[in-house]
Amino acid sequence: MSFCSRVATAGALFGAYSRHWAAVLVLLIFINLSAEAAHSADAAAQPISSNAKRSAPVIVVGFVGGFVHHDDLRHSEVQLARMLQASHPERLRVAMFQNWHRKAAHQTILQWLDTGKDGHPTDEEKRGAHIILFGHSWGGAAVISLARELQQEKIPVLLTIQVDSIAKPGNDDRVVPANVAYAVNFYQTRGLLHGRPRITAADPAQTRILGDFFQDYNTPPAECSQYPWLTRHLFSGHIAIECDPQVWSQIEDLIDNYSSAEPRASDLRSGELPSERTSGLRRQSVQIPSADGRELRPTIN
């Protein structure tokens with residue numbers, strides 16, 4: 001086979017790959033160029049934890065995307081975690097993790113649920129769990145994976161928040177498991193990487209999808225200027241939604257509203273999983289306020 005024929009054959013094979021795989025390859029190239037990947041795994045596994053008392057009713061766990069370090073304050077997810085722990089030290093337990101340290105996040109949740117300090121949470125402690133999970137990019141996909149793992153242990157999740165969620169090959173970030181009471185999704189469609197445009201409930205009788213909220217960026221927010229030039233240009237929309245202060249203000253409001261609804265949230269835990277019959281929150285009309293006071297409208301598919 002001639003050289004030109006080999007090139008043509010290689011080009012045809014490469015063209016057979018889906019757009020998703022092309023985006024993944026570009027992301028891997030970016031990862032190799034990222035200085036953030038130099039952090040050690042042991043250090044990355046340590047969560048940002050609050051000084052909340054052991055009786056704190058709500059556990060908030062966040063995941064950063066890509067190979068971002070869990071305490072890199074350039075990223076909105078980390079800023080939000082710090083803000084939450086500073087604003088609500090008596091009410092919240094807050095931890096941030098890299099998206100590939102889901103096991104460490106899982107163990108942290110189990111430790112915090114184990115108020116009796118006997119090595120593992122009891123069935124009663126599991127039923128009484130108030131857990132909120134949020135994440136960006138691969139971190140958004142990690143949120144759903146962790147929720148599924150908690151479902152296997154019959155641990156309910158109050159709220160999941162996905163921001164431009166991107167699943168790794170072989171994972172599914174679209175279907176929200178039935179142990180989740182509420183779920184919300186933010187996404188954009190500009191640039192090489194696009195977030196999950198729609199999430200669905202594995203069991204609509206158990207899980208209420210608050211909405212899939214589309215964000216569009218003709219011009220990236222000014223806050224994106226702190227990101228590396230290559231990142232901003234290759235993944236313009238994906239980075240724009242991560243550093244958009246309005247999006248994260250809405251997420252802060254969601255976490256604050258749902259974590260402060262203590263008596264009603266407790267009603268969700270009367271059974272092993274949330275149900276329409278026991279949920280006080282579920283019957284309320286849910287609106288997600290934007291930072292400028294306008295109500296956000298979910299996309300209609």
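This is a predicted model: local features need pLDDT of at least 70, side-chain atom pairs count only at pLDDT 80 or more; totals for chains, interfaces and linings use all residues.

Me: Where is Ser137 placed?
Reply: Ser137 is in the loop between β3 (131–136) and α7 (138–152).

Me: Is Ser137 buried or exposed?
Reply: Ser137 has a relative accessible area of 4%, and under 20% counts as buried, so Ser137 is buried.

Me: And which residues does Ser137 touch?
Reply: Leaving out residues up to four places away in sequence, Ser137 touches Gly65, Gly66, Val163, Asp164, Ser165, Ile166 and His238.

Me: Switching to rings. How many aromatic pairs?
Reply: The count is five aromatic pairs. One of them is Phe134 with Trp248, an edge-to-face pair at 6.4 Å centre to centre, with 70° between the planes.

Me: What does the pair of Phe134 and Trp248 tie together?
Reply: Phe134 lies in strand β3 and Trp248 in helix α10 (residues 245–260), so the pair joins parts that are 114 residues apart in sequence. Phe134 is buried, at 1% relative accessible area, and Trp248 is buried too, at 5%.

Me: What about the rings of Tyr187 and Phe214?
Reply: Their planes are at 50° and their centres 5.4 Å apart, so that pair is tilted. Tyr187 is in strand β6 (residues 180–187) and Phe214 in strand β8 (residues 208–214), 27 residues apart.

Me: Last one: what lies over the face of Trp138?
Reply: Lys168 does, at 4.7 Å from the ring centre.

Methods: Residues are numbered from 1 along each chain as its sequence is written. Side-chain values use heavy atoms; hydrogens and water are left out. Helices (H or I, at least four residues) and strands (E, at least two) are DSSP runs, numbered from the N terminus. Buried means under 20% relative accessible area, exposed over 50%, partly exposed in between (1.4 Å probe, protein chains only). Contact means heavy atoms within 4.5 Å. Rings of Phe, Tyr and Trp (its six-membered ring) pair if their centres lie within 6.5 Å; planes under 30 degrees apart count as stacked, over 60 as edge-to-face and the rest as tilted. A charge sits over a ring if NZ of Lys or CZ of Arg is within 6 Å of the ring centre and within 35 degrees of the ring normal.
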